[in-house]
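Trainee: I am new to this structure and would like to learn how to read it. Could you take me through it step by step?

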Amino acid sequence: PPHTPSLHGRFSFRINMLQRQACRALSNMTTMHLILPSSSAAKQAKQALKSATKLSIDKQAAAPESKLSKVPPFLRKKLKSLVPQVQLHEISGGPRPFHIMRSQMGKLPVYTDIRNGRSKLVTILRKYSGDIDALKTELESVTGTKAVAYHGRLEVSGRHTKLLNDWLTKLGF
């Protein structure tokens with residue numbers, strides 16, 4: 001039977017919300033409980049989410065992670081862009097091929113910028129010297145996201161100010 005426009009709109013909103021929750025769960029790598037409506041399209045969405053992520057749906061055990069070929073198309077790009085994250089206690093202190101200078105007030109040069117009408121948050125690292133590629137790879141491994149090098153600054157999407165301050169303090173900068 002054909003859906004009424006208002007019911008169809010509500011259902012597509014529900015699926016979009018589930019997609020956002022799945023992407024958020026992938027980025028946090030945590031388990032999450034979802035309660036889905038009982039329809040055939042919702043059952044297909046439930047199967048896709050079970051195979052793609054470590055979700056616990058309707059209070060069942062978390063499904064094991066599967067290969068990238070079984071992942072729904074809206075999650076493939078997110079999985080490819082993930083960088084393995086290293087915990088701070090696993091990082092050894094000591095000399096590095098780069099150096100971070102402090103500001104005139106004695107603080108670390110880690111800043112946060114809000115862009116695109118408050119929809120994009122970026123953490124910026126400035127005042128560095130030495131091997132930029134080594135700094136960029138370590139920054140990516142600590143934050144778990146891609147770092148972009150611009151002239152005089154490294155930018156990482158997301159709010160990582162406290163994490164970067166702790167990391168740089170542990171390295172002795």
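Mentor: Happy to. Let us start with contacts, meaning heavy atoms within 4.5 Å. Among the contacts in the protein chain with a separation of 6 or more, 57% are between residues 24 or more positions apart. Keep in mind that this is a predicted model, where local features need pLDDT of at least 70 and side-chain atom pairs count only at pLDDT 80 or more, while totals for chains, interfaces and linings use all residues. Residues are numbered from 1 along each chain as its sequence is written, and side-chain values use heavy atoms, with hydrogens and water left out.

Trainee: How many helices and strands are there in the protein chain?

Mentor: Helices (H or I, at least four residues) and strands (E, at least two) are DSSP runs, numbered from the N terminus. The protein chain has five helices and eight strands. Their pattern along the sequence is α-β-α-β-α-β-β-β-β-α-β-β-α.

Trainee: What percentage of the 173 residues is buried?

Mentor: Buried means under 20% relative accessible area, exposed over 50%, and partly exposed in between (1.4 Å probe, protein chains only). Here, buried residues make up 31% of the 173 residues in the protein chain.

Trainee: Which residues have the most contacts inside the largest nonpolar core?

Mentor: A nonpolar core is a set of buried Ala, Val, Leu, Ile, Met, Phe, Trp, Tyr and Cys residues joined through side-chain atoms within 4.5 Å. The largest one has 19 residues, and those with the most contacts inside it are Phe98, Ile100, Leu135, Trp167 and Leu168. Two or more residues each come from strand 3 (98-100), helix 4 (132-143), strand 8 and helix 5. Take leucine 168: setting aside residues up to four places away in sequence, it touches Ile100, Leu108, Val110, Leu125 and Phe173.

Trainee: How do I read aromatic pairs?

Mentor: A pair of aromatic rings is described by the distance of the centres and the angle of the planes. Rings of Phe, Tyr and Trp (its six-membered ring) pair if their centres lie within 6.5 Å; planes under 30 degrees apart count as stacked, over 60 as edge-to-face and the rest as tilted. A search of the whole structure finds two such pairs. In one of them, phenylalanine 98 and tryptophan 167 have ring centres 6.5 Å apart and planes at 40°, so the pair is tilted. Phenylalanine 98 sits in strand 3 and tryptophan 167 in helix 5, 69 residues apart. Phenylalanine 98 is buried at 5% relative accessibility, and tryptophan 167 is buried at 0%. The rings of phenylalanine 98 and phenylalanine 173 also form a tilted pair, because their centres are 6.0 Å apart and their planes are at 35°. Phenylalanine 173 lies in the segment after helix 5, so this pair with phenylalanine 98 of strand 3 ties together parts 75 residues apart in sequence.

Trainee: Is histidine 160 buried or exposed?

Mentor: Histidine 160 is buried, with a relative accessible area of 13%. It is placed in the loop between strand 8 (153-157) and helix 5 (161-171). Leaving aside neighbours within four places in sequence, histidine 160 is in contact with Thr123, Thr143 and Thr145.

Trainee: Where is asparagine 116 placed?

Mentor: Asparagine 116 is in the loop between strand 4 (110-115) and strand 5 (120-126). Its phi is near 55°, a positive value in a residue other than glycine. At 58% relative accessibility, asparagine 116 counts as exposed.
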